[in-house]
Amino acid sequence: MVVASVALAGCGLKSGSPMVDEVEPGSVGAGEPLRGASLTVTSKNFSENIVLGQMIGLVFKAAGAEVLDRTNLPGSISAREAIIQGDADAMYEYTGTAWITYLGRAKPIVDPRKQWEAVRAQDRRNGVTWLPQSTLDNTYALAISRKNNARYGLRTLSDVAELVKKDPGAVTVCVENEFAARDDGLPGMEKAYGMKVPAAGIQKMDAGIIYTQVSQSDSCLLGEVFTTDGRIKAMDLEVLEDDRHFFPNYNAAPVIHAATSEEYPEIADLLDPVSRKLTTEVAQELNARVDVEGEDPHEVAKEWLVGEGFIREG
């Protein structure tokens, strides 16, 4: 008991709570292949990852498992360690995060599938099984309001580089402090695209404020955003294409504690169809329901799974 408590505390895990939803198999989970299993799901503590963690739990529940919900852990490392140590069985993780942060690789792999394959192969040694990734790509980007872009007609980051050369005073970029300093943030992007935004044109602020400032203010022509953020559509922003593929791919994929994957290989068949339906656009819509409309992540996850026919309400 003491050892177990120490292990949980070391990973930052909360006590969690059982999923009590009355759900049944839909297009996945027929025959309840997880009946008798007791599984724990986890996630990081931001809306998108919580929604994805809830999806896994609900699919497991519909397939017959007893599910303990330990989503919404603080930071990436807590959830990561929970999977490695076996204190949690499954979550959605991002390929770029694993490749750069966990595996210590400085240079991303441009091809999304090859990056997933490399992460899958190298993370096996850590006791982590990666299932096939979705096309949901939660990466960095620069965005501009549709209203302002009517004047400039920017489509790509190369277009931004040209504008900086022609009219540097026109370019103001609003970013977080971390993004302003990181090699995989603004400095690296400027180097990759051969541009140099004047220091007076760079404003640092909290992430949540950036979206509002780009949408409603003339002080931020461009802003750092995450491509799956629901505020992009809600605030009528246009995301500029990273045409030189500077930013890493952050495709979401289920990761499973290796021993759990071996004991319940059926998990792959349960989650693969869900991942195939998860796109960047779907994530934007689901994230907007949580971050813009204030809905509960669990209910958002359940309604989407039911709407897609993956599970049915009991």
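H2 crosses H15 in a right-handed sense, a crossing being right-handed if the near helix is turned clockwise from the far one by less than a right angle, and left-handed if anticlockwise. Helix H2 spans residues 47–62 and helix H15 residues 297–307, and the two pack at an angle of about 55° with their axes 8 Å apart; axes here are lines fitted to C-alpha atoms, for helices over the stretch in contact, and angles run from 0 to 180 degrees between N-to-C directions. H2 and H15 are therefore oblique to each other, since angles under 35 degrees count as roughly parallel, over 145 as roughly antiparallel, 65 to 115 as roughly perpendicular and the rest as oblique. On the H2 side the contact (heavy atoms within 4.5 Å) is made by Ile50, Val51, Gln54, Met55, Leu58 and Val59, and on the H15 side by Pro297, His298, Ala301, Lys302, Trp304 and Leu305. These contact residues divide into nine nonpolar, two polar and one charged, where Ala, Val, Leu, Ile, Met, Phe, Trp, Tyr, Cys and Pro count as nonpolar, Asp, Glu, Lys and Arg as charged, and the others, Gly among them, as polar.

The model is predicted, so that local features need pLDDT of at least 70 and side-chain atom pairs count only at pLDDT 80 or more, while totals for chains, interfaces and linings use all residues. Residues are numbered from 1 along each chain as its sequence is written, and side-chain values use heavy atoms, with hydrogens and water left out. Helices (H or I, at least four residues) and strands (E, at least two) are DSSP runs numbered from the N terminus.

On a 1 Å grid over the protein atoms alone, a cavity is a set of points where a 1.4 Å probe fits but cannot get out, a pocket is an open set with protein on both sides within 12 Å along at least five of seven lines, and lining residues have an atom within 4 Å of a point. The second largest cavity has a volume of about 30 Å³, and its lining consists of Glu48, Val51, Leu52, Leu136, Leu278, Ala283, Leu286 and Asn287. The largest cavity holds about 40 Å³ of space and is lined by Arg80, Ile83, Met91, Glu93, Asp123, Val128, Trp130 and Val255. By class, that lining has five nonpolar, no polar and three charged residues.

Turning to the open spaces, the largest pocket has a volume of about 790 Å³, and of its 30 lining residues Phe46, Asn138, Tyr140, Glu176 and Phe226 lie nearest its centre. Among the elements that each supply at least two residues of this lining are H2, H3 and H14, and the lining comprises 10 nonpolar, 11 polar and nine charged residues. About 310 Å³ of space lies in the second largest pocket, where, of 17 lining residues, Asp137, Thr139, Asp242, His245 and Asn249 are the closest to the centre. The lining of the second largest pocket divides into 10 nonpolar, four polar and three charged residues.

Definitions and conventions
Grid points are joined across faces, edges and corners, and a volume is the space filled by probe spheres set on the points.
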